[in-house]
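Colleague: I've got the model open and a few things to ask. Can you put it up on your side too?

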Amino acid sequence: MSWKDKLGLVHIYTGNGKGKTTAAFGLAVRMLGSGGKVAIVQFMKAPKVYGEQKKIEECGALIESFGLPKFVHGKPTDEDIEAAKRALERARELVSSGEWDLVILDEVCVALGFNMLSVDEVREIIDAKAPHTELVLTGRYCPEELFELADYVTEMREVKHPYQRGILARRGVEY
């Protein structure tokens with residue numbers, strides 16, 4: 001049985017706790033190790049900044065990052081919104097192509113939370129998914145309307161975090 005004969009399901013990894021992208025990339029490694037093809041679209045993350053980007057590419061995944069080299073705080077700029085729209089269009093192409101066994105839309109839920117995208121736009125991508133493609137959406141602020149379209153919904157809950165003690169993001173752990 002080939003990958004094309006398997007059922008692809010939809011995952012959401014959301015919540016305020018750490019580990020959403022980490023869980024998605026763990027699934028990517030598992031898929032790559034099983035002979036599957038993986039594509040990752042990163043919303044709101046600049047290319048060549050985060051530790052996972054280079055290594056996952058070396059493992060054989062396609063990874064494309066559409067964020068600008070700054071964080072979005074408060075109201076996104078027109079450039080931020082334009083980058084999110086480009087990421088969304090690329091995600092639509094990859095998810096519907098049938099070429100990929102796993103597609104990860106990393107931080108797409110954050111883009112939704114900042115109103116850079118609409119729930120309907122993301123719903124359209126889920127609806128257009130090739131039948132065998134496993135699809136993962138990550139990020140805080142996932143609207144509950146998307147939960148009904150998912151097969152897995154995991155909420156990472158923050159119980160304790162070093163940020164609470166003033167410890168900033170550390171290379172290799174948070175980025």
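Colleague: Start with Lys-70. What is its relative accessible area?
Modeller: Lys-70 has a relative accessible area of 40% and is partly exposed, the class between buried (under 20%) and exposed (over 50%), with a 1.4 Å probe and protein chains only. This is a predicted model, where local features need pLDDT of at least 70 and side-chain atom pairs count only at pLDDT 80 or more, while totals for chains, interfaces and linings use all residues. Residues are numbered from 1 along each chain as its sequence is written, and side-chain values use heavy atoms, without hydrogens or water.

Colleague: Which side chain does Lys-70 meet in a salt bridge?
Modeller: That of Asp-80, at 2.9 Å from N to O; the criterion is a side-chain nitrogen of Lys or Arg within 4 Å of a carboxyl oxygen of Asp or Glu. The pair links distant parts of the chain, ten residues apart: Asp-80 is in helix α3 (residues 78–97), and Lys-70 in the loop between β3 and α3. Helices (H or I, at least four residues) and strands (E, at least two) are DSSP runs numbered from the N terminus.

Colleague: And Asp-80, buried or exposed?
Modeller: Asp-80 is buried, at 6% relative accessible area.

Colleague: How many salt bridges are there in the whole structure?
Modeller: The search finds 15. One of them joins Glu-107 and Lys-45, whose closest N and O atoms are 3.5 Å apart. Glu-107 sits in the loop between β4 (102–106) and α4 (108–113), and Lys-45 in the loop between β2 (38–42) and α2, 62 residues apart. Both Glu-107 and Lys-45 are buried.

Colleague: What about Arg-92, where is its salt bridge partner?
Modeller: Arg-92 pairs with Glu-124 at 3.7 Å, N to O. Arg-92 is in helix α3 and Glu-124 in helix α5 (residues 119–127), 32 residues apart. Both ends are partly exposed: Arg-92 at 24%, Glu-124 at 45%.

Colleague: Which residues do shared partners join into one network?
Modeller: Lys-45, Glu-52, Asp-106 and Glu-107.

Colleague: How many residues line the largest pocket, and which lie nearest its centre?
Modeller: The lining has 33 residues, with Lys-45, Phe-71, Glu-107, Tyr-163 and Glu-174 nearest the centre. The elements giving two or more lining residues are α1 (20–33) and α2 (51–58), and α1 has the largest share, five residues. By class, the lining holds 13 nonpolar, twelve polar and eight charged residues; Asp, Glu, Lys and Arg count as charged, Ala, Val, Leu, Ile, Met, Phe, Trp, Tyr, Cys and Pro as nonpolar, the others as polar.

Colleague: And the second largest pocket, what volume?
Modeller: About 150 Å³. Its lining includes Pro-47, Tyr-50, Gln-53, Ile-63 and Ser-65. α2 gives the most to that lining, three residues.

Colleague: Last one, Gln-42. Buried or exposed?
Modeller: Gln-42 is buried, at 0% relative accessible area, and is found in strand β2. Its side chain makes a polar contact of 2.7 Å with that of Ser-65 (N or O atoms within 3.5 Å, one able to donate a hydrogen and the other to accept it).

Key:
On a 1 Å grid over the protein atoms alone, a cavity is a set of points where a 1.4 Å probe fits but cannot get out, and a pocket is an open set with protein on both sides within 12 Å along at least five of seven lines; lining residues have an atom within 4 Å of a point. Grid points are joined across faces, edges and corners, and a volume is the space filled by probe spheres set on the points.
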